[in-house]
Amino acid sequence: MSKRGEALLPLLMINSLTNFLEGGGALMLLEMNNISKTYGNVIANDDVSISIDKGEVLAIVGENGAGKSTIMKILYGLETPTLGKTYINGKEVKFKDPRDAIACGIGMVQQHFMLFDSLTVAENIVYSFEPRKRGLFFDREAAISRVKELSQKYGLDINPLGLTEACPVGLQQRIEILKVLHQNAEIIIFDEPSAVLTPQEVQQLLKTIRNLADMGKSIILITHKLHEVMEVADRAVIMRSGKKVGEMDIAEASIEKMSYMMVGRHIEKRKPKKYEPGERVLTIENLNYVDEAGKHAIKDLSMHVSSGEVVGIAGVSGNGQSELLHLIMGLEQAKDGRIMIGDKDITGKQVFDVRESGCACIPEDRYKHGCAAKADLVQTTLLGNQYKEQFAKKGILKANRIKQFTIDLFDRYSVKY
């Protein structure tokens, strides 16, 4: 714990006792009162108040862009509120950065994992809070022992000596959870934790969240997946367009009530329609792929996708789904077999040729493999189109046309920005 955190904690305990005696009642562990956050003319949070008690699972639900992640970034010290105050055990706290939040017992499992691929599991878990020999040298044995202790205590089985880059997504999330537990977090924020997990991994995650709460940890779950809220949460706060529009105990809640509050209207149930396949747009014939380790990851695979069709590819992590997508997109080359887009053979073609043939991919890890994180919205929209005549002439980009194209695209698909 930092010196700043050591100084804060006694004050929090004294103030908590004083307020309890003066007020004659129990305090909530955490209160965020009248929080507002603006970015220029954009209001991300508008007078939002939330609270959580010890051992409670609080779900904060809303559509993408509702302001859920922003208020949690404020709580974790990643953002500073424009207005409003935060209290822990009745004591007002102000966080300059995440280290202040960690010192006060707040941890965050990010939607996009903050891990070093080249480090071991144990090294990632203890990073920045490493055990030391004689106060100077990294104590590797103590780190491994600490990870084994945490793993056993919280039922999160993992190999502390394994390389993080070799861990599938579900295990990487487990590393993130153990990391905040190593930091002695009492309030743990999960930001859209099931976004990249398989159904089996989601069930394990929900079990972990419930176990942590039963052991006295307070959990804040940011999500828009309401069936998960109904399964694991004690209480839900509903947000829409930056505002808190409702709050309810899960015992009195329903998916229909929460979805209505999230979008401001009733959502009609989709009726299944008779499927009539169109022309084939993707055809895969007798595809085989052997990875660098010599594993036969794809064996004699044949399938097709028709126009207007949604095809699901099911299977637990590591059974060839990622390799199949890489082969289709030109990121890897097949041993043999054929891939067709329409009547065009793209087998062995590069990514550019595949994209120009009308095929695109949203990867499993969108942050790591699917976006230019430091580019602005206009630059991101332009990527892959910069060579087209409508956007450039003799190598000079047409800035106004590109900006208008971005605005039109966002309006057409209701992208919030």
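This is a predicted model: local features need pLDDT of at least 70, side-chain atom pairs count only at pLDDT 80 or more; totals for chains, interfaces and linings use all residues.
As background, nonpolar side chains tend to be buried together in soluble globular proteins.

Now zoom in on Leu181. Leaving out residues up to four places away in sequence, Leu181 touches Arg146, Leu150, Tyr154, Leu156, Ile188, Leu212 and Lys217.

**Next stop: the sheet.** Hop over to Ile188, which stands opposite Ile219 in strand 10. Strand 9 and strand 10 pair in the parallel sense, over five bridges. Now show the whole sheet: it is open, has six strands in the order 6-9-10-3-11-12, and its pairing is mixed. Which strands sit at the edges? Select 106-109 (strand 6) and 243-249 (strand 12), each of which pairs on one side only. Neighbouring strands in this sheet are turned against each other by 20° on average, ignoring direction.

**On to helix 7.** Select residues 199-214. With 16 residues at 1.5 Å a residue, helix 7 should span 22 Å, and its end C-alpha atoms are 23 Å apart, which agrees. Colour Glu201, Val202, Leu205, Leu206, Thr208, Ile209, Leu212 and Ala213: these residues of helix 7 are buried. They cover an arc of only 160° around the axis, so they lie on the same side of helix 7. An α-helix has 3.6 residues a turn, so residues three or four places apart point the same way.

What do the buried residues of helix 7 pack against? Their partners are strands 3, 9 and 10 along with helices 5, 6 and 8. Just after helix 7, look for Gly216, with a positive phi of about 105°.

Find Asn34 in strand 1. Asn34 has a positive phi of about 55° although it is not a glycine, and it is partly exposed, with a relative accessible area of 42%. Finish at Lys394, in the loop between strand 17 and strand 18. Lys394 is another non-glycine residue with a positive phi, near 55°. Is Lys394 buried or exposed? Its relative accessible area is 82%, so Lys394 counts as exposed.

Definitions and conventions: Residues are numbered from 1 along each chain as its sequence is written. Side-chain values use heavy atoms; hydrogens and water are left out. Helices (H or I, at least four residues) and strands (E, at least two) are DSSP runs, numbered from the N terminus. The expected span of a helix is 1.5 Å times one less than its number of residues. Buried means under 20% relative accessible area, exposed over 50%, partly exposed in between (1.4 Å probe, protein chains only). The arc is that of the directions from the helix axis to the C-beta atoms. Contact means heavy atoms within 4.5 Å. Two strands pair if DSSP finds at least two bridges between them. Axes are lines fitted to C-alpha atoms, for helices over the stretch in contact, and angles run from 0 to 180 degrees between N-to-C directions.
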